[in-house]
Structure formats: structure tokens, C-alpha cells
Amino acid sequence: MKTLNDLLENNRAWATKINASDPQFFRNLSRQQSPNYLWIGCSDSRVPADQLVGLPPGGLFVHRNVANVVIHTDLNCLSVIQYAVDALKVKHIIVCGHYGCGGVKAALSNSKLGLIDNWLRHVQDVMEKHVELLAAAGDESQCVRLLCELNVIEQVVNVCQTTIVQQAWERGQELSVHGWIYGLEDGLLRDLKMSLTGRSEVAGSHAAAVAAAAAARADA
Ligand code: CO
């Protein structure tokens, strides 16, 4: 039997270190969680949600999938959003994409990888929606960057259109939805200027964010 002793040893060292600085840490955290943020990000191993925003365990409620896609019939993602908003009462939902996303690249090049092609079809829908902006983006690398950004912008809208977020806003619950993108090459997050706090802001904010993303690529 193969065991992953190195990882288990890392875990013991990690827990020991935290216990040394705060002996009550795990006991307190085991009683409840009250994160302020829901993170919806890519499964990519290079985008570690908690670490890159400097939050300890308990800080982020997390959902990750390939290419950070939010689909209206994905019960997995919807269940995470519903529990985060209705039960945990998170104040912010962050959709975070990243440059160099393999899922976005595969969608753009129409690669045939198997089952996942069906999942990435949703990114191809984003691509087709913005085909003219993408054509004007410049070379292939600029095109990938723009589609990574546009994908986040569209998924933010999808989050806002869920019954869960719509109902939270209707009952006056404090809840913002944000679109960010992470740079693998510099470790930095960029705000895509999609920070929405109510239904009436969605259309205007979407148009402005799309225009800003396209203009940034055209200037690059
Ligand atoms: Co990715």
C-alpha cells in the first residue's frame, strides 16, 4: 500500500505550529464557521484561494471547478451558493478567474479532451457572445487573457441571476458579488470592476466591465 507520508507529516507540522501560537484555534473553529466570503474559483492547483488573500482556515467558503463556471442547473455550485448566502450569511461572493487558465485555452482552441468539452462549452458560449471583441484583442495570448476576463464577468452575472442572490437582495440582505482575476506570473489579483450590490446594477456594470476589459487588451 502506498501512503502519502510526506503530506501527512506536513499536516502534523502545520497543526503543531498553529497550536503553538494559538492553543484554542482548532477547538474554537470546530464549534462553528462564520466566513464573510464565498470564493468561486478555478480548480487549478496554482490558485490557492485562502493563501492568496491571506485568510486562515474559517475565512473563506469555497467552491472550485474547471474554469470557474457558474451554471444555472449545476446543483453542486448552486448548493454551495445557497448555503453560503442563506445559512452562513456571507457578505461577499468573489468569482475569481486566472490568466493562463487551461480550461479557457481549451475552449478557445476548441480542443477535444473528452467529457470536459461539455463543461467547457459554457466558456465557448462566452466566447461566441463576445466574438468581435476577441477578434480585435490582438495576438493569441491577448485573446486568452481577454477571454479569461470575459468569462469572469459573465459568471458574475450568472451568480447575480441565481434565485438565491435575487431573493437575498429582495429581502434586503447585505450581499455583494465581485469579479476578480489572478495572475499566475505575478501572484496578484486584479479587480475587474464588477462589484454588484443589487439587481439594478447588473446590466450597467456588465457593459462597463466588458468595455474596460476590451479596451485594456486593445492597448496592450
Ligand atoms: Co483555470
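**View 1. Alanine 67 sits in the loop between β2 and α4.** Helices and strands here are DSSP runs, numbered from the N terminus (helices are H or I with at least four residues, strands are E with at least two). The model is a predicted one: local features need pLDDT of at least 70, side-chain atom pairs count only at pLDDT 80 or more, and totals for chains, interfaces and linings use all residues. Residue numbers start from 1 along each chain as its sequence is written, and side-chain values use heavy atoms, with hydrogens and water left out. Is alanine 67 buried or exposed? Alanine 67 is buried, at a relative accessible area of 0%; buried means under 20%, exposed over 50%, and partly exposed in between, with a 1.4 Å probe and protein chains only. Its backbone is worth a look too: alanine 67 is not a glycine, yet has a positive phi of about 70 degrees. Most residues other than glycine have a negative phi.

**View 2. Lysine 193 also has a positive phi, of about 55 degrees, without being a glycine.** You'll find lysine 193 in strand β5. With a relative accessible area of 62%, lysine 193 counts as exposed.

**View 3. Five strands make up an open sheet with mixed pairing.** Going across, the order is β2-β1-β3-β4-β5. Two strands count as paired if DSSP finds at least two bridges between them. At the edges are β2 (60–65) and β5 (189–196), each pairing on one side only. Neighbouring strands are turned by 20 degrees against each other on average, direction ignored. For such angles, axes are lines fitted to C-alpha atoms (for helices, over the stretch in contact), and the values run from 0 to 180 degrees between N-to-C directions.

**View 4. Strands β1 and β3 pair in the parallel sense.** β1 covers residues 37–42 and β3 covers residues 92–98, with five bridges between them. Which residue in β3 is the bridge partner of leucine 38? That's isoleucine 93. Helix α4 (residues 75–87) lies across β1, β2 and β3, and runs at about 170 degrees to β2. Contact means heavy atoms within 4.5 Å.

**View 5. A cobalt ion is held by Cys42, His98 and Cys101.** Which atoms coordinate the cobalt ion? They are SG of Cys42, NE2 of His98 and SG of Cys101, at 2.0 to 2.3 Å. Donors are N, O and S atoms within 2.8 Å of the metal (3.2 Å for Na, K and Ca); water is not among the atoms, so sites may look incomplete. Along the chain, the spacing of the donors reads C-x55-H-x2-C. Histidine 98 is buried, with a relative accessible area of 2%, and cysteine 101 is buried as well, at 1%.

**View 6. Leucine 4 lies in the segment before α1 (5–21).** Leucine 4 is exposed, at 56% relative accessibility. How far apart in space are leucine 4 and alanine 20? They are 25 Å apart, C-alpha to C-alpha, and 16 residues apart in sequence.

**View 7. Stepping back, the protein has 10 helices and five strands.** Its C-alpha trace spans about 55 × 50 × 35 Å along the principal axes. Of the 220 residues, 44% count as buried. Among contacts with a separation of 6 or more, 64% come from residues 24 or more positions apart.
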